[in-house]
Amino acid sequence: MDSGKRILFATGGTGGHINPALAVAGYIRKQAPDTQILFVGTAEKMEAKLVPAAGFDFRTIDISGFQRSLTLNNIKRNLGTLSKLLRASSQAKKILLDFKPDVVVGFGGYVSGPVLRMAAKLGIPTAIHEQNAYPGVTNKALAKKADAVMLTVQAAEQYLKPKNPCILTGLPVRGEIVEADRDFARAELRLDERPMILSMGGSLGARAINEAVVELIANKAADGDCYFHHAYGQYGKWVPDKLREKGVDFAHMPNITVREYIDDMDRCLAAADLVICRAGASSLSEFEAVGRASILIPSPNVAENHQYHNAMALVNNNAAVIIEEKDLTGERLTQEVNRLLADRDRLRILGENAKKMAIPDTVERIADILFRLAKA
């Protein structure tokens, strides 16, 4: 890597955008410590805490997204967003002229739009990274001007009209996830040879998943043929009481664990045999990295229904099972779980095929592209 380069990262909104960018920036800082790195985001979202906490310089612009349902209130909000967009362009220009980056990369979120567009206008080399199998509106537009378009999955390319051919890089996965030892993790969790099912619905807790998993655990509690480890999230605090109502006695069923959050995902994922969850890009990259079978329930409440496309990228490679939320019931989920537990070869094959989809050198690939652009 060339020394003394200046790289600007534009990203924000969710951990799915911010954490991969931080992983790449952290790798660059370690490999080329004299590289100057600046993050641009918003003051209100997660990046305002995560980026400074990781030790990177951070600047903000004022930007928000357009509301798609055209109610009177949303029309008013969209007028405000349009005004912000005009200001954001001038804010982005000032930051770019002050920092003088050799390359600008966008990892998603509303903030990427004005920053990348202004960088291209100023003749600064640009790159974008698309996490999902179905690209968002911002990246669809930016792909036409970006010098490099990096993809998590190849399937996204068909929806883009890039200036240059897309480059498959994968999505960065935290080192502790990849390096976790399965036998050690299972020993720490005091598991025997029975399979472990890890389930979750995100940090807030997806009600549809919580309801179905409650039925699943209640249906199988008496069998004792597997372990359950379920995270119900911030809005799922009713789950333990609901399970007790259905006769699940945690005191006498040590194979069933429910808690609000999973703060040791590296250990839990290493120990698991089957994962039940949404189909966010970061989660799927983690399953691929460790080779885990999964039952995916895409969120129907995301832009362009991108989680469905993320899930289908695995399903089409015989690496996961999908249940759309409109078809999700406790009975259907129980049937799918029983089918997989009864066919351990199928469970193993799903995990092996997921592993084949993993790209282990993702961070290195992205960093090399950025330094190549910076040098140009």
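**Exercise 1.** In which loop is the place of N318?

*Solution.* The structure is a predicted model. Step 1: N318 sits in the loop between α12 (306-315) and β13 (321-322). Step 2: its phi is near 55°, a positive value in a residue other than glycine. Step 3: the relative accessibility of N318 is 33%. Buried means under 20% and exposed means over 50%, so N318 counts as partly exposed.

**Exercise 2.** Decide whether R190 is buried or exposed, and say where R190 lies.

*Solution.* Step 1: the loop between α7 (182-188) and β8 (196-200) holds R190. Step 2: R190 has a positive phi, near 60°, and is not a glycine. Step 3: with a relative accessible area of 75%, against a cut-off of over 50%, R190 is exposed.

**Exercise 3.** Find the order of the strands in the open sheet, and name its edge strands.

*Solution.* Step 1: seven strands make up the open sheet, in the order β3-β2-β1-β4-β5-β6-β7. Step 2: their pairing is parallel. Step 3: β3 (57-60) and β7 (167-168) each pair on one side only, which makes them the edge strands. V105 has A127 of β5 as its bridge partner.

**Exercise 4.** Describe how α1 and α15 pack against each other.

*Solution.* Step 1: helix α1 (residues 15-31) and helix α15 (residues 362-375) meet at an angle of about 70°, and their axes are 9 Å apart. Step 2: angles of 65 to 115 degrees count as roughly perpendicular, so α1 is roughly perpendicular to α15. Step 3: α1 contributes A23, V24, Y27 and I28 to the contact, while α15 contributes V363, E364, I366, A367, L370 and F371. Step 4: nine of these contact residues are nonpolar, one is charged and none is polar.

**Exercise 5.** How many residues of helix α4 are buried, and which are they?

*Solution.* Step 1: helix α4 (residues 112-121) is mostly covered, with seven of its 10 residues buried. Step 2: these are S112, G113, P114, V115, L116, M118 and A119. Step 3: just after α4 comes G123, with a positive phi of about 80°.

Key. Residues are numbered from 1 along each chain as its sequence is written. This is a predicted model: local features need pLDDT of at least 70, side-chain atom pairs count only at pLDDT 80 or more; totals for chains, interfaces and linings use all residues. Side-chain values use heavy atoms; hydrogens and water are left out. Axes are lines fitted to C-alpha atoms, for helices over the stretch in contact, and angles run from 0 to 180 degrees between N-to-C directions. Helices (H or I, at least four residues) and strands (E, at least two) are DSSP runs, numbered from the N terminus. Angles under 35 degrees count as roughly parallel, over 145 as roughly antiparallel, 65 to 115 as roughly perpendicular and the rest as oblique. Contact means heavy atoms within 4.5 Å. Ala, Val, Leu, Ile, Met, Phe, Trp, Tyr, Cys and Pro count as nonpolar, Asp, Glu, Lys and Arg as charged, and the others, Gly among them, as polar. Two strands pair if DSSP finds at least two bridges between them. Buried means under 20% relative accessible area, exposed over 50%, partly exposed in between (1.4 Å probe, protein chains only).
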